[in-house]
Amino acid sequence: MPREREKDWDENLYKKIDRYDLVQNLEQCLQCGKCTGNCPVAAITPSYNPRAIINDILSGDITRLLDSEEIWRCFWCANCYRVCPVDIHYPLLMMQLRYAALEEGYGLKYVQPINKYAFRAMEKGLTFVPGQKGIEKIMKLRSQLQATSWPEVSEQAIKEFCEIFEQTGAKAWMENLENMPEKPLRLSFLEGRITDE
Amino acid sequence: MSNLHITTPQERIISAAQRIGEVPEKLFLFRSCTGSMEYPGTENSIKEVLKILEVEVVMDSDQTCCSGYILTCSGYPPEPSLAITARNLALVEQRYGLDTYMFCNGCFGYNTELSHILNHYPKYKEMANNIIAQYGYNYQGKTRIRHVQELYYLLIDKIREKVVRPLNGLRVGVHYGCHYLAQQYGILDEGDLPTFHEEIIEALGGTPVFYKERRMCCGYAVGRGFTHKESVVEPHLAKKFDSAKEEGVELITTCCPGCNVALDREQPALAKRGFGPYDIPVIDIAQLIGLALGVPIWKLGFNANTTPLDRVLNKLGLEKGE
């Protein structure tokens with residue numbers, strides 16, 4: 001565990017992480033831990049602990065958050081949100097925590113392979129369009145069903161879909177990630193936990 | 001600070017009749033990327049089933065992907081997804097004035113969540129409407145977002161009457177998928193112990209099997225199937241399949257093509273890593289309803305499955321080409 005420095009603490013951390021103002025009631029967290037008890041990822045990676053992550057965000061401790069490997073394991077299944085007694089939308093918090101990590105160069109390897117499909121979606125209007133071989137397989141399956149050989153998405157729809165990405169600056173944000181140097185991650189919530197990693 | 005999450009005046013669980021109201025004569029079916037590419041039989045089966053249930057289906061080629069999946073992978077900021085949600089839903093509002101029915105839990109969850117944000121944060125609604133105005137759209141939040149499974153449940157008696165190929169006690173384990181059950185308000189059943197799929201299975205003449213991990217996530221959300229397959233997804237799925245195997249599940253049904261990919265395509269990989277082996281075919285609940293209601297089997301698109309359905313079809317005395 002590296003030494004904690006004063007500059008690692010930030011009392012505005014919660015507002016910085018929740019940059020889109022989507023998790024307005026985080027301060028109501030009771031630290032009851034139902035999120036963790038219901039988390040399928042915590043069952044496999046015991047050092048992943050949503051309760052501890054919320055605690056760190058509220059207390060302003062950034063030392064373990066950004067370079068954490070654990071935050072990339074969340075499935076976004078939203079079981080935490082379902083059982084939360086004060087309805088904290090933890091998945092939206094996780095999404096924004098990952099933005100903060102990405103912008104510092106952490107976890108790029110966990111987003112770039114998926115963003116490859118996002119770039120392709122801008123050409124096709126559909127997400128997870130496979131390569132040429134996969135496309136042929138889909139066309140064969142669809143024609144067996146006597147459906148159109150490809151899902152009907154109009155040229156106009158694809159154009160508008162792509163333009164929305166350009167106009168909101170999302171495309172530039174994604175291209176910026178492509179060119180960033182990657183920083184290493186660590187399992188940073190291991191302290192006091194019995195794990196086999 | 002607003003406490004919009006706390007004071008939302010909605011019931012946690014409501015009946016299908018409250019959720020949908022009158023059975024619609026016509027509905028807008030939202031195209032799912034995975035449901036039309038990986039498993040085109042899903043989309044086809046839904047259309048066939050709704051035809052038998054006398055509900056007209058409308059689709060539109062100007063509708064695009066909901067864009068929620070990669071958003072939740074933190075692949076891009078939420079602005080494009082908010083605008084795309086507003087665009088797709090405004091299209092339904094303006095052209096058809098119908099309710100929007102999803103058949104993918106992803107589309108359902110993301111559209112519900114993003115439209116909730118649009119409806120509760122004026123700044124995001126304005127941002128989205130400013131962008132889509134150039135294409136002639138204006139999102140007002142009129143179309144209601146529903147899942148087709150809610151309609152099946154509402155029409156369960158009609159489905160029961162129309163069964164022509166009863167499932168003869170086939171042991172079916174269901175998988176609900178998180179992004180339906182994790183909605184906190186206004187869903188059909190209690191997220192901890194849902195039973196409405198089991199009731200549908202019973203209506204089709206099958207034996208619903210309550211396996212231990214039936215409530216558990218498929219593990220493929222937010223791209224973890226790409227990035228954490230070995231460290232998290234496979235051990236997680238093995239737990240699920242072990243409990244299904246223990247209870248003698250012969251078939252798993254889903255209501256989300258994304259979950260279907262995870263549960264169906266992963267089985268050979270799990271066997272290679274020393275789990276299982278498992279041989280439990282996985283299909284959409286619409287495909288199973290279609291099967292029971294007598295839709296020709298070639299129209300259900302079982303050819304897309306990695307884990308073949310031959311044993312299930314044999315047990316029911318059916319042929320693949322029928």
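B:Glu150 is buried, with a relative accessible area of 0% (buried means under 20%, exposed over 50% and partly exposed in between, using a 1.4 Å probe and protein chains only). Keep in mind that this is a predicted model, where local features need pLDDT of at least 70, side-chain atom pairs count only at pLDDT 80 or more, and totals for chains, interfaces and linings use all residues. Residues are numbered from 1 along each chain as its sequence is written, chains are lettered from A in the order in which they are written, and side-chain values use heavy atoms, leaving out hydrogens and water.

**Around B:Glu150**

- You'll find B:Glu150 in helix α9 (residues 148-154) of chain B; helices (H or I, at least four residues) and strands (E, at least two) are DSSP runs, numbered from the N terminus.
- The B:Glu150 side chain makes a polar contact of 2.7 Å with that of B:Arg19, and another of 2.6 Å with that of B:Tyr180.
- A polar contact is a pair of N or O atoms within 3.5 Å; within protein, one must be able to donate a hydrogen and the other to accept it, and residues adjacent in sequence count only if both atoms are side-chain atoms.

**Strand β1 of chain B**

- Four of the five residues of β1(B) (residues 26-30) are buried, so the strand is largely enclosed by the rest of the structure.
- β1(B) runs parallel to β2(B) (residues 56-58), joined by three bridges, and B:Phe28 has B:Val58 as its bridge partner there.
- Three bridges also pair β1(B) with β3(B) (residues 100-102), again in the parallel sense, with B:Met102 as the partner of B:Phe30.
- Two strands pair if DSSP finds at least two bridges between them.

**The largest pocket**

- Its lining takes in 43 residues, and A:Phe128, B:Thr34, B:Tyr220, B:Gly258 and B:Val261 lie nearest the centre.
- A pocket here is an open set of points on a 1 Å grid over the protein atoms alone, where a 1.4 Å probe fits, with protein on both sides within 12 Å along at least five of seven lines; lining residues have an atom within 4 Å of a point.
- Helix α15(B) gives the largest share of that lining, five residues.

**Chain A at a glance**

- Chain A has ten helices and zero strands.
- Of its 197 residues, 56% count as buried.
- The C-alpha trace of chain A spans about 60 × 35 × 35 Å along its principal axes.
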